[in-house]
Amino acid sequence: MKIKFLTFAALVCASYYAIAQDNIAEEVAWVVGDEPIYKSQIEEQYSQMQYENIPIDGDPYCVIPEKLAIEKLFLHQAEIDTIVVEDATVQQEVNARINLFIENLGSKEKVEEYFRKPIPDMREALMEMMKNQYTIQRVQQELTDDVKATPADVRKYFEGLPKDSIPFVPMQVEVQIISIKPVIPQQEIEEVKSRLRDYANRVNTGESEFSTLAILYSEDGSSVRGGEVGFKGRTELLPEYASVAFNLTDPKKASKIVETEAGFHIIQLIEKRGDKINTRHILLKPKVSEKELTEGIERLDSLRSDLVAKKFTFEEAAQYLSQDKDTRNNQGLMVNQQNLNTKFEMAQLPQEVAKQVDKLNIGEISEPFIMIDQKTNREIVAIVKLKSRIEGHKANLRDDYEVLKQMYENHAKREIIANWISQKIENTYIYIEDGWRDCDFEHKGWLKTSN
């Protein structure tokens, strides 16, 4: 996947470079409004799709220019609606991609050698490409914002589906969990704080660069970017982190130590833009000792014995004993963040939980086990109960309403967008050169306006 992504970016940059050469006569294939589509653009898109092994449903010299023409219709609508995508949003994504290239290839110099372009030129090409992508998404969102399915809509849609179009729903489970966070020894916490105070002092005295220390020592994924987080609003950051970060004023200094659920941080300001801030940080996570993990296992093993003996229910234990704040007030039920309901396909569960659930019958409780908390990335101890299991089946309204609701809404949105495209084709000047007309286009009307 990394190689494919690098290839895609290389082709994007090459395409941009070819189109930017004003001194080379370009062959025009289509004109949409007053926007030309060049043969070179079509060729580059075709090469890109071949490298990416993206299937093309039809003649590429028909499918690709139609796709480019539709993009131009959306971009023109964005101008009419004065839809503006903030440069900061795009810049953050472009920076992340450039940093990914550097991580994969090892250095800025190797990136420039691989793409045969200086990084500023790559950045410019990616900025244009991604800004167009975001803009088109915004136009489509505005067109489909009002799509809301009622139960009657979903029922009518389901009843009208051909039998061979009813989706197969993989096995799903509902899982309850009780977890505890083993206590981290104070000595370990003090050791982490001492290291962070040393890093902050080295930054504040000018002895070391914050970004260098982040690369070397931070235990967060941002370490490969020198600890840079990117532009974020207050609500996108952990509350304790945001409280300190938004009060920083000196980009050359490191903050005091900040404790969050992820661990302990020091923070450095990079830039403020309106209500967003870009910072870098160093995160250290105190480690749970083997002794504390063993004690946690023993505690939950005792709790499991009481549950099996029916001294109290799993739901009661979850409410009063579990330290998982996301589930303890929900009878311990885990919530699938992909669809915000309580049903999971096995692949959607945390790996350690799935391994336990696979061995359980409905109503059974697992032995205690150690897992990684997905939010804090620290070790915790847990037990799980399999509440229900729905075997794989053809979708039905009783068990799969949410699945069918999503299908209906997606269908309704596709129809809105398809109708919008048809109207735009009818009302937009379009000219297709000889040699590019003999096509069975997905949307009708292109040729009618090109004569």
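This is a predicted model: local features need pLDDT of at least 70, side-chain atom pairs count only at pLDDT 80 or more; totals for chains, interfaces and linings use all residues.
Q: How are two packed helices described, and what are the values for H4 and H6?
A: Two packed helices are described by the angle between their axes and by the distance between those axes. Here, helix H4 spans residues 87–105 and helix H6 spans residues 119–144. Their packing angle is about 130°, and the axes lie 9 Å apart. H4 is therefore oblique to H6.

Q: Is the crossing of H4 and H6 left-handed or right-handed?
A: The crossing of H4 and H6 is right-handed.

Q: Which residues make the contact?
A: From H4 come Asp 87, Val 90, Gln 91, Glu 93, Val 94, Asn 95, Arg 97, Ile 98 and Phe 101. H6 supplies Ile 119, Met 122, Arg 123, Leu 126, Met 127, Met 129, Met 130, Lys 131 and Tyr 134. Sorted by class, the H4 contact with H6 holds 11 nonpolar, two polar and five charged residues.

Q: Now a strand. How many residues of S4 are buried?
A: A residue counts as buried under 20% relative accessible area. Strand S4, residues 172–180, has nine of its nine residues buried. Gln 172, Glu 174, Gln 176, Ile 178 and Ile 180 point one way from S4. Val 173, Val 175, Ile 177 and Ser 179 point the other way. Both sets are buried.

Q: Which strands pair with S4?
A: Pairing is read from bridges; at least two are needed between two strands. Two bridges join S4 to strand S9, residues 344–345, and the two run antiparallel. In that pairing, Gln 172 stands opposite Glu 345 of S9. S4 also pairs with strand S11, residues 379–390, over nine bridges in the antiparallel sense. There, Ile 180 faces Val 381 of S11.

Q: What is the strand order in the open sheet of four strands?
A: The order is S5-S8-S7-S6, with antiparallel pairing. Strands S5 (228–232) and S6 (258–260) are the edges, since each pairs on one side only. On average, neighbouring strands of this sheet are turned by 40° against each other, direction ignored.

Q: How many bridges join S5 to S8?
A: Four bridges link S5 to strand S8, residues 276–284, and the strands run antiparallel. Glu 228 stands opposite Arg 280 in S8.

Q: Which helix lies across S7 and S8?
A: Helix H9, residues 210–217, lies across strand S7 (263–273) and S8. H9 runs at about 45° to S8.

Conventions
Residues are numbered from 1 along each chain as its sequence is written. Side-chain values use heavy atoms; hydrogens and water are left out. Axes are lines fitted to C-alpha atoms, for helices over the stretch in contact, and angles run from 0 to 180 degrees between N-to-C directions. Angles under 35 degrees count as roughly parallel, over 145 as roughly antiparallel, 65 to 115 as roughly perpendicular and the rest as oblique. A crossing is left-handed if the near helix is turned anticlockwise from the far one by less than a right angle, and right-handed if clockwise. Contact means heavy atoms within 4.5 Å. Ala, Val, Leu, Ile, Met, Phe, Trp, Tyr, Cys and Pro count as nonpolar, Asp, Glu, Lys and Arg as charged, and the others, Gly among them, as polar. Buried means under 20% relative accessible area, exposed over 50%, partly exposed in between (1.4 Å probe, protein chains only).
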